[in-house]
Amino acid sequence: MNLTVYQVDAFAEKVFEGNPAAVIPLNDEWLPDDMMQKLAMENNLSETAFFIKKNDAYHIRWFTPEAEVDLCGHATLATSHVMFQHLNIAANQICFHSRSGKISVKKEGDLLVLNFPASEVEAKYIPTGLKTAFGIHPQECFKGREDLMLVFKNENDIANLEPDFTKMLEATSRGIICTAKSEKYDFVSRFFAPSLGINEDPVTGSAHTMLIPYWSARLDKQNLLAKQISKRGGVLHCKQLGDRVEIGGKAVTYLVGTISI
């Protein structure tokens, strides 16, 4: 069997920025779960997205090298880029069925804009292990749908974190978001998910389903500009819409290839 694979840098202005994701279009049936997991492991990117069209509807799934996840922003952005740019989808909006319900991506100028369910943001005590997991003490902790979010004093703290991934594994969450207010942007963040085989993710759309409601309330703004300040980095155009959020960004194709299995 030959499969076409696209590697796309999402939330990127040009290649080598943003977050790379693999996108593998399928026909009208999923491959066996263990095969999709093996392909994701072989791609060795933070996410591999698979999608099918069945009964005139698109369905999407996402795999890290270690596990299937319920929601992924950058790989959804990458998938829509492939569908618009390479598969010639004529519509201006694509809707997907996923493990997180219905999600969509629309063209808005030169951006692709995700529409995702917002996450809950519930204050909690900072877990003991996380107090010293970054070399800098966080000020607050919040629990979301899947992640923990630590709020730090300023952007400089986020840039200078020294993550201890072993300590992070003690947290019972998908990942850990670290964030602070920014001078140039509304807020900055970094995202760590060692339990999924991703020590630090370059740009994490799904984390912004929690970041956007928090910062929208704190800054009293509906529209926000964010940057994830990983080594590759990426800019996200954000909007709070009640129980939904919008996350906009650009994407660029890095390669198109063939997988033989």
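## Tyrosine 254 and phenylalanine 16

In this predicted model, tyrosine 254 has a relative accessible area of 42%, so it is partly exposed. Phenylalanine 16 reaches 57% and counts as exposed, because the cut-off for that class is over 50%.

The model holds ten aromatic pairs. Phenylalanine 16 and tyrosine 254 form one of them, edge-to-face. Their ring centres lie 6.0 Å apart, with 65 degrees between the planes.

## A phenylalanine cluster

Ring pairs join Phe134, Phe152, Phe165 and Phe192 into a cluster. Phenylalanine 165 is partly exposed at 25% relative accessible area, whereas phenylalanine 192 is buried at 0%.

The rings of phenylalanine 165 and phenylalanine 192 have centres 6.3 Å apart and planes at 55 degrees, so this pair is tilted. Phenylalanine 165 lies in helix α5 (residues 165–168) and phenylalanine 192 in strand β13 (residues 187–193), so the pair ties together parts 27 residues apart in sequence.

## A charge over a ring

Arginine 61 lies over the face of tryptophan 30. The distance to the ring centre is 5.1 Å.

## Helix α6

Helix α6 spans residues 208–219. Nine of its twelve residues are buried, so the helix is largely enclosed by the rest of the structure. Among the buried residues are His208, Met210, Leu211, Pro213, Tyr214 and Trp215. Aspartate 220 follows α6, and its phi is positive, near 55 degrees.

Definitions and conventions: Residues numbered from 1 in each chain as written. Predicted model: local features only at pLDDT ≥ 70, side-chain atom pairs only at ≥ 80, totals over all residues. Heavy atoms only, no water. Buried < 20%, exposed > 50% of the residue type's maximum accessible area, 1.4 Å probe, protein only. Helix = DSSP H or I, 4+ residues; strand = E, 2+ residues; numbered from the N terminus. Phe/Tyr/Trp six-rings, centres within 6.5 Å; stacked < 30°, edge-to-face > 60°. Lys NZ or Arg CZ within 6 Å of the ring centre and 35° of its normal.
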